[in-house]
Amino acid sequence: MATAFWLGFETRVAVRFLREGRLQTVLIMVGVAAGVAVIAYISALVTGLQKNTFDKTLGGQAHVTVQALEDVVTPARAPVAGTVLLSETQAKAQRLRSVANWQSMLPLLERRPGVAAVSPIVAGGGLAVRGEATQSVAVSGVDLDRYDRVVRLREKVVAGVARLEPGEGIIGIELASDLGLRPGDRFTVLTGNVSETVRVTALVDLGVRELNRRTVIVPLRLAQSLLGLPGGATSLDLALTDVWSAKTMAQQMRRDFPYKVESWQETNAQLVSALNAQSVSTGLIRAIVLVVVVLGIASVLVVSVVQKRREIGILRAMGATRGQMVRVFLVQGGIVGAVGSVLGLALALLMIFLFTKFVRGADGQALFVITLPLSLALQVAMVASICGVLAAIAPARRAASMDPAQAIRI
Amino acid sequence: MAAVNARAASSELIELADVHKSYNIGLPTEAEVLHGLSLTIKKGEFVALIGPSGSGKSTLLNIVGLLEGMTAGSYRINGTAVASLDDRALTLLRRDTLGFVFQFHHLLPAFTALENVTMPGLIREGRVSRQQLERARELLDAVGLSGAMNKRPSELSGGMQQRVAIARALVFDPPLVLADEPTGNLDTASSDEVFQELRRMHRERGTSFVIVTHDPRLAARCDRLVELVDGKIARDELVSKVTVSGADP
């Protein structure tokens with residue numbers, strides 16, 4: 001009496017019922033496929049879009065930066081309790097200051113779990129001069145290997161070879177064209193009353209025009225002398241293994257060290273809220289489409305239960321239990337969900353292919369890469385199938401609750 | 001035949017005592033269809049259930065077939081008291097004790113004749129074993145449908161459909177087969193054919209039959225005649241052997 005073949009009866013009858021339903025079955029499967037395609041496509045699109053935005057914006061940024069605390073004006077004396085003190089304090093002008101003891105901080109930060117790389121930076125403003133042309137620039141003094149681990153500078157080189165021997169520098173491509181520089185050429189960097197000649201070794205494209213116009217990367221020592229900070233570092237840039245842990249990491253570090261610690265989320269609050277808004281809207285769209293899919297499956301199965309009353313009655317008379325009848329309809333829902341998701345994923349792949357092929361930016365390149373990762377595809381297919389089964393619950397219960405005698409009589 | 005009768009006489013298959021059945025209980029349209037009906041059927045009997053429309057024949061058959069509950073009374077089938085059983089137990093009891101032959105729409109239209117006959121096996125075991133397939137073929141062969149096994153019900157005549165239904169009812173050799181006007185929508189020739197099939201199964205397998213019919217000619221060819229009028233048994237008698245042997249070749 002044991003059920004030798006799990007769901008053998010249920011599956012056979014479910015498949016036959018669906019096949020018998022022909023147009024109805026085709027329509028609902030196409031409906032589910034459309035829903036699944038929308039969900040898969042929009043997920044892939046937004047993932048691609050966010051990754052693109054993220055890479056472009058964060059590619060040249062540290063996940064967490066550690067800087068010296070800002071200079072504040074210390075009040076002359078603390079107000080006596082119970083008195084009101086009227087005073088006006090002028091904020092102090094912030095001079096460039098080094099992170100105290102950054103050399104000893106370096107190994108300390110590197111050992112912190114979750115930190116992938118640490119790079120000391122000396123950053124300040126200056127002028128790049130060549131012949132008649134002058135451009136205001138942001139000078140960053142770095143140790144190239146460390147810096148590369150944080151912002152992957154070498155991947156962004158478009159001309160020349162990234163190298164920072166004494167007297168050498170790497171500049172943004174816009175700056176290069178403004179000053180007419182190619183790798184190997186020299187130009188002068190001017191700050192206050194110090195000026196140094198720098199030989200260009202490589203041009204980099206940081207993905208943002210303004211950065212490309214202002215970036216001058218030089219060896220640490222050169223920047224220290226240009227900016228009048230011998231032996232100093234204005235900030236320590238950190239790369240983390242998990243980008244999204246930056247905020248909590250920054251909070252912890254603020255508690256641990258007397259420095260100004262900022263995460264990329266804090267410096268790019270707008271980007272974060274834009275990404276969040278995107279994620280929320282995508283989630284909402286997906287949820288609504290899913291609800292529509294569930295309702296579609298449910299309504300078709302409700303109709304099917306009514307149409308199949310007599311068959312249900314006959315099966316019950318032949319000894320099918322209520323549980324078996326429930327499962328016949330749950331299996332139908334599952335099959336509709338599964339077949340619909342396979343079709344839908346195929347459709348999503350087609351849409352992604354069309355998008356990458358025909359939607360191009362002004363430069364004729366694809367806007368950004370969209371792929372449908374296998375994990376996402378499986379996830380969508382599984383959710384759709386489970387939703388199919390869930391959608392079938394109400395109709396299935398209705399099928400099972402029918403009195404066999406009444407069902408047959410009709 | 002003698003052996004079958006001896007076994008039949010030894011035990012009771014159906015024992016209904018003081019059975020009442022009402023519909024739409026609590027509504028203004030409440031109506032009692034069966035009024036304290038008692039009936040006993042022994043193993044191996046071939047019973048015709050007759051009566052005018054609305055006399056409660058189908059209701060009685062549904063109660064006997066465990067397809068409907070009763071409002072009051074007691075019912076034992078094959079020694080099991082039905083009143084205390086839940087739906088699952090009733091279903092399992094129905095599965096093991098009863099076969100059905102209905103008047104209309106008796107087959108599953110989405111399945112072939114052979115699949116319809118193997119369906120009870122599929123319900124029980126989740127698959128169709130080779131023996132069940134053999135048995136189904138054998139039964140379809142026995143009712144003269146060896147050439148129509150892979151046809152859908154819609155491709156078969158009324159008489160052929162009814163014979164498929166008989167084969168299906170018998171596939172697990174239930175002790176009792178209930179037939180609700182099995183020849184009701186058939187012409188005389190098909191009707192005869194189907195009835196002879198039922199008689200033959202009764203003769204060869206010793207299966208008990210309860211057949212609801214409007215056709216007095218058919219009723220006369222059963223062994224026992226129970227007539228229902230207004231939810232009560234108006235007549236319960238053995239049909240004379242002379243009539244039976246005349247009708248049953």
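Analyst: Two residues are taken to be in contact if their C-beta atoms, placed from the backbone, lie within 7 Å. By that criterion A381(A) touches A338(A), S341(A), V342(A) and L345(A), with residues up to four places away in sequence left out. The model is predicted: local features require pLDDT of at least 70 and side-chain atom pairs pLDDT 80 or more, whereas totals for chains, interfaces and linings use all residues. Residues are numbered from 1 along each chain as its sequence is written, while chains are lettered from A and ligands numbered from 1 in the order in which they are written.

A381(A) belongs to helix α13 of chain A, residues 374–391; helices (H or I, at least four residues) and strands (E, at least two) are DSSP runs numbered from the N terminus. With 19 other C-beta atoms within 10 Å, A381(A) is partly exposed, the class between buried (20 or more such atoms) and exposed (12 or fewer). From A381(A) to D143(A), 238 residues along the chain, the C-alpha separation is 48 Å. Chain A itself is divided into domain 1 (8–57 + 272–409) and domain 2 (102–263), with bounds from an automatic or database domain assignment. The C-alpha centres of domain 1 and domain 2 of chain A are 51 Å apart.

The buried residues are K57(B), S58(B), T59(B), L60(B), L61(B), N62(B), I63(B) and V64(B). After α2(B) comes L66(B), with a positive phi near 60°.

L49(B) is a member of the largest nonpolar core, which has 123 residues; L49(B), V47(B), A40(A) and I297(A) touch the most other members. Such a core is a set of buried Ala, Val, Leu, Ile, Met, Phe, Trp, Tyr and Cys residues joined through C-beta atoms within 7 Å. A separate core of 52 residues includes V142(A), I171(A), A176(A) and I217(A).

The two chains also meet directly, with 22 residues of chain B in contact with 25 residues of chain A. On the chain B side, α3 (87–97) and α4 (113–125) each supply at least two residues, and α4(B) gives the most, with 6 residues.

Strand β4(B), residues 72–77, pairs with β5(B) in the antiparallel sense over 2 bridges, and R76(B) stands opposite A81(B) in β5(B).

D18(B), at about 50°, is not a glycine and lies in strand β1 of chain B, residues 12–23. D18(B) counts as partly exposed because it has 13 C-beta neighbours inside 10 Å. D173(B) likewise has a positive phi of about 50° without being a glycine; its place is the loop between α6 (158–170) and β7 (176–180) of chain B. D173(B), too, is partly exposed, with 13 C-beta neighbours inside 10 Å.

Definitions and conventions: Pairing = 2+ DSSP bridges.
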